[in-house]
Amino acid sequence: MNEKVKETMISAICAVISIGAFLLLWWWGTHFTTLSKLMPDPVTVFSSLIEYCVGTVGKCSLIVHMLNSLRRVLIGFLLGSLVGISLGLLMGRYMLARAIFNPIFRFIRPIPPIAWIPISIVWFGLGEQAKIFLIFLAAFANTTLNAMTGAMSVDPEIINASRMLGAKERQIFTTIVIPAAVPSIFAGLQVGISSAWASVVAAEMIKAQNGLGWTIQAGMDNNNMTQILAGIIMIGVVGFLLAYIMRKAEEVMCRWNKSGR
Amino acid sequence: MSERVKVQVRNLTKKFGDLLVLNDVSFDVIEGDLLCVVGPTGCGKTTFLNSLVNIYDITSGEILLDGQKVNTKTQNIAYIFQGNSTMPWLTVEENVGFGLLYKPLSAAEKKERIEKYLEIVGLVKYRKYYPKQLSASMLQRVSIARAFATEPELLLMDEPYGQLDIELRFKLEDELVKLWQMTKTTVLFITHNIEEAVYLGNKIMILSNKPTTVKTTLINELPRPRDIADPQFIALRNQVTDLIKWW
């Protein structure tokens with residue numbers, strides 16, 4: 001058995017054991033301690049989760065809620081990362097762009113998306129735009145920073161080599177800086193997609209009619225802990241899948257970054 | 001046959017603040033020369049090469065290539081750096097063809113050149129490999145093939161084998177001589193290794209300690225392939241060593 005297969009098998013077995021142990025502890029807590037007064041057991045939650053997926057929560061099924069959240073996340077994330085990567089690369093490569101935009105960026109970056117809720121309502125109203133704006137901000141901050149770091153850390157020897165080989169400044173940007181920054185950009189996208197997905201709950205608290213954030217909010221309003229937990233589990237599963245897809249995309253795009261023959 | 005001057009360096013001076021690194025350096029490089037430049041470590045050999053190709057602005061003086069001011073965008077100059085300068089996201093063949101992206105050549109001609117130089121440096125089998133999958137000597141061979149593929153008028157090499165072990169160095173030195181003899185490219189080879197300079201160069205230029213000036217240039221007519229144990233080789237090596245001493 002080769003090392004990679006062995007490593008994957010060990011990881012899979014450990015994952016099953018740790019998740020199993022967590023569920024067992026949860027089940028034990030809800031059957032033998034006072035935890036049962038605070039939350040339902042995992043069997044109830046998972047059977048309700050299936051019911052919510054085939055039945056309805058509010059006006060539609062949990063799957064439709066998830067798809068609505070996913071749509072918002074993907075639009076916000078794509079816009080945020082597109083603007084973030086472009087700005088980050090420019091700031092990383094060109095001193096003037098960095099001098100102009102970096103002070104504003106450094107001011108905006110630490111502000112959590114949730115702090116923007118009142119302003120986003122004033123600017124965009126209670127509709128979809130305000131929600132997408134919050135997700136945009138979450139994706140933007142992470143992707144900008146990583147794209148800038150990636151563009152700034154390109155080996156100067158490679159830049160000099162390409163210049164010697166006749167590359168002009170625009171060509172250096174497109175054929176050297178952008179590809180060299182790809183691993184760093186992907187690191188930003190990984191964090192960005194997680195932040196965007198995490199922000200969807202906050203975004204859907206702005207007078208939403210659907211979405212996983214709404215499901216949790218509605219569960220809280222109705223004191224329905226099962227619905228809250230079902231929403232949380234769905235967020236976790238989709239977040240995990242998004243991170244996995246991103247990791248696979250990175251493996252394909254950055255296969256050159258792996259050592260060994 | 002009359003000798004044609006390829007590079008003219010006139011009164012080249014380079015200062016970093018108050019630190020005088022190159023002091024009124026003047027010399028000519030003849031077309032087709034493999035000129036090895038040796039000098040004490042830290043004497044400004046790399047500064048000299050970087051000044052030549054405008055990586056550094058010179059303080060005063062003049063550097064001409066074919067009678068014109070050096071311009072890397074219009075003149076075909078290649079530079080092989082001390083460290084690894086391959087593009088890690090490109091395969092071996094893409095790296096070799098990288099310099100051709102900016103040259104007005106047909107696709108067929110580019111392909112032909114890539115094949116030719118992959119063959120010469122013995123990397124045909126590894127054409128689809130990425131730099132992270134290669135050894136240090138293979139990486140330097142990629143850089144050498146990439147530089148020669150552009151068929152430069154002038155090739156600058158800055159201690160390209162400085163970080164390699166002795167066996168790899170010998171192998172790559174032979175490869176360089178083979179390529180130089182084939183292409184007749186003018187090569188400026190910077191090194192602090194005296195044996196390497198005597199083994200490679202048809203001329204050896206000796207620089208002084210900082211502030212750097214040209215001490216002398218020796219003609220090296222030892223027959224090729226050269227034998228480092230040959231008494232004539234040892235005699236020339238000792239002569240260069242004596243000239244380089246600044247203490």
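Predicted model: local features only at pLDDT ≥ 70, side-chain atom pairs only at ≥ 80, totals over all residues.
The crossing of helices H5(A) and H6(A) is right-handed.

**Helix pair in chain A**

Two packed helices are described by the angle between their axes and the distance between the axes. Helix H5 of chain A covers residues 117-124 and helix H6 of chain A covers residues 128-152; their axes come within 8 Å and cross at roughly 140°. That angle makes H5(A) oblique to H6(A), because angles over 145 degrees would be needed to count as roughly antiparallel.

**Largest pocket**

The largest pocket holds about 340 Å³ of space. Its lining consists of A:Lys4, A:Glu7, A:Thr8, A:Phe240, A:Tyr244, A:Arg247, A:Lys248, A:Glu251 and A:Lys258. By class, the lining has 6 charged, 2 nonpolar and 1 polar residues. Helix H1 (3-32) and helix H10 (225-253) of chain A each contribute at least two lining residues, and H10(A) gives the largest share, 5 residues. Domain 1 (1-38) and domain 2 (41-257) of chain A both supply residues to this lining, so the largest pocket lies between them.

**Largest cavity**

How many cavities of 30 Å³ or more are found in the whole structure? The search finds 1. The space in the largest cavity is about 40 Å³. Residues of both chains line the largest cavity: A:Ala161, A:Met164 and A:Leu165 from chain A, with B:Ala78, B:Tyr79, B:Ile80, B:Ser143, B:Arg146 and B:Ala147 from chain B. Two or more of these residues come from each of helix H7 (156-164) of chain A, strand E6 (77-80) of chain B and helix H4 (136-149) of chain B. The lining of the largest cavity divides into 7 nonpolar, 1 polar and 1 charged.

**Backbone of chain B**

Most residues other than glycine have a negative phi, and most peptide bonds are trans.

| Cis peptide bond | Omega |
|---|---|
| B:Lys210 to B:Pro211 | about -5° |
| B:Arg224 to B:Pro225 | about 0° |

B:Pro211 sits in the loop between strand E9 (203-207) and strand E10 (214-219) of chain B. B:Pro225 is in the loop that runs between E10 and helix H7 (231-244) of chain B.

Where is B:Glu159 placed? B:Glu159 lies in the loop between strand E7 (154-158) and helix H5 (166-183) of chain B. B:Glu159 has a phi near 40°, which is positive in a residue other than glycine.

Conventions:
Residues numbered from 1 in each chain as written. Chains lettered and ligands numbered in written order. Heavy atoms only, no water. 1 Å grid on protein atoms, 1.4 Å probe; cavity = no way out; pocket = protein on both sides within 12 Å on 5 of 7 lines; lining within 4 Å. Points joined across faces, edges and corners; volume = space filled by probe spheres on them. Helix = DSSP H or I, 4+ residues; strand = E, 2+ residues; numbered from the N terminus. Nonpolar A, V, L, I, M, F, W, Y, C, P; charged D, E, K, R; others polar. Domains from an automatic or database assignment. Axes fitted to C-alpha atoms, helices over the stretch in contact; angles between N-to-C directions. Parallel < 35°, antiparallel > 145°, perpendicular 65-115°, else oblique. Left-handed = near helix turned anticlockwise from the far one by under 90°.
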